[in-house]
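These are my notes from a look through one model. I kept them in the order in which I looked things up.

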Amino acid sequence: MHVYCDFDGTISVEDATDFVLSNLADPAWEAIEQEWLDGEIGSAECMRRQVALIRAKQHELDDVLEDVVIDPTFPAFADFCSRHAMPLTIVSDGVDYFIKQILVRSNLGHIPVIANKLTIVNPEGKPSYHLASPHSDPDCLSAAGVCKCRSLTPRDLRVYVGDGRSDFCVSHQPELVFAKGELADYCFAEDIPFIAYETFADLTHSLKSAVPGLSTNALSTPRHAAA
């Protein structure tokens with residue numbers, strides 16, 4: 001069993017990238033966001049252009065990231081996965097630097113992260129921010145910076161946890177999906193079996209019965225959430 005988890009709005013209470021942009025970027029980032037919402041550009045182009053608008057030194061960025069809150073039940077869930085030898089990987093169309101800084105603060109820096117790669121040039125002088133997408137796929141239908149579909153290992157019994165638009169495509173693949181927010185609405189509309197959740201405490205409770213034998217049968221009949 002391998003657990004794959006989105007970050008923004010799933011592990012973090014709010015979208016970390018939007019929080020950084022709201023505090024540190026030129027306001028033009030919002031117009032770029034609207035282009036993405038309108039389907040005019042993909043998420044990779046959207047985030048690359050937005051991140052380039054950050055106007056802050058690296059230590060100022062780090063100070064803002066200190067204020068990003070994660071689900072308080074996530075550390076216990078990560079420990080649960082570790083104790084039961086279930087690999088846990090964060091797969092996010094967000095920014096690797098943001099995610100790793102937030103995880104380190106919660107003593108979770110050991111968790112693997114697949115995300116867009118941030119480079120900061122001249123961090124304490126007049127910095128410039130550059131975002132690369134090493135995990136993209138030219139055939140990705142949503143033109144995402146991170147192709148989550150490609151990031152899931154086919155040989156595993158896959159558990160996926162998500163909440164939003166970047167999780168829509170990948171939700172068709174895993175053997176078990178935990179969903180909330182926009183992802184729950186999407187799964188319901190697309191008739192994708194899923195388990196609704198609010199916090200990671202809900203996930204721990206749902207998985208506990210399956211962990212002793214890691215039974216495929218125990219995980220093969222997820223229910224739909226109530227409408």
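The entries below go from the sheet to the helices, the cores and a few single residues.

**Conventions.** I worked on a predicted model, where local features need pLDDT of at least 70, side-chain atom pairs count only at pLDDT 80 or more, and totals for chains, interfaces and linings use all residues. Residues are numbered from 1 along each chain as its sequence is written, and side-chain values use heavy atoms, with hydrogens and water left out.

**Sheet.** I took helices (H or I, at least four residues) and strands (E, at least two) as DSSP runs, numbered from the N terminus. I counted two strands as paired if DSSP finds at least two bridges between them. On that basis I found an open sheet of seven strands with mixed pairing, in the order E4-E3-E2-E1-E5-E6-E7. E4 and E7 (195-196) are the edge strands, each with a single partner, so one side of each has no neighbour in the sheet.

**E1 and E5.** I looked up the pairing of E1 (residues 2-5) with E5 (residues 158-162): it is parallel, over four bridges. Cys 5 has Val 161 of E5 as its bridge partner. Helix H8 (residues 181-190) packs on the sheet and touches E5 and E6 (176-179); its direction makes about 130° with that of E6. For such angles, axes are lines fitted to C-alpha atoms, for helices over the stretch in contact, and angles run from 0 to 180 degrees between N-to-C directions.

**E2, H6 and E3.** E2 (residues 88-95) pairs with E3 (residues 113-121) in the parallel sense over three bridges. I noted Val 113 in E3 as the bridge partner of Ile 90. Together with helix H6 (residues 96-105), E2 and E3 form a right-handed β-α-β unit. Right-handed here means that, with the strands pointing away from the viewer, the path from the first strand over the helix to the second runs clockwise.

I then listed the buried residues of H6: Asp 96, Tyr 97, Phe 98, Ile 99, Ile 102 and Leu 103. Buried means under 20% relative accessible area, exposed over 50%, and partly exposed in between (1.4 Å probe, protein chains only). The buried residues of H6 pack against H1 (16-24), H4 (58-65), H5, E2 and E3.

**E3 and E4.** These strands pair in the antiparallel sense over five bridges, with E4 covering residues 128-132. Thr 119 stands opposite His 130, and Ile 120 has Tyr 129 as its bridge partner. The hairpin has six residues between the strands, and Asn 122 in it takes a positive phi near 55°.

I checked the faces of E4: Tyr 129 and Leu 131 make the covered one, while Ser 128, His 130 and Ala 132 make the uncovered one. In a regular strand the side chains alternate between the two faces of the sheet.

**H2 and H3.** The axes of H2 (residues 29-37) and H3 (residues 43-51) come within 9 Å and cross at roughly 180°. H2 and H3 therefore count as roughly antiparallel, the cut-offs being under 35 degrees for roughly parallel, over 145 for roughly antiparallel, 65 to 115 for roughly perpendicular and oblique for the rest. Where they meet, H2 brings Trp 29, Ile 32, Glu 33, Glu 35 and Trp 36, and H3 brings Ser 43, Cys 46, Arg 49 and Gln 50.

**Cores.** I defined a nonpolar core as a set of buried Ala, Val, Leu, Ile, Met, Phe, Trp, Tyr and Cys residues joined through side-chain atoms within 4.5 Å. The largest has 57 residues, and Ile 54, Phe 74 and Phe 77 have the most contacts inside it. Leaving aside neighbours within four places in sequence, Ile 54 is in contact (heavy atoms within 4.5 Å) with Val 20, Leu 21, Leu 24, Ala 25, Phe 98 and Tyr 129. A second, separate core has nine residues, including Tyr 4, Val 91, Cys 147 and Tyr 160.

**Single residues.** Phe 80 lies in H5 (residues 74-83) and is buried, at 2% relative accessible area. Its C-alpha atom is separated by 9.7 Å from that of Leu 207, 127 residues apart along the chain.

I also noted two positive phi values in residues other than glycine. Ala 85 has phi near 55°, sits in the loop between H5 and E2 and is exposed at 65% relative accessibility. Asn 107 has phi near 60°, sits in the loop between H6 and E3 and is exposed at 66% relative accessibility.
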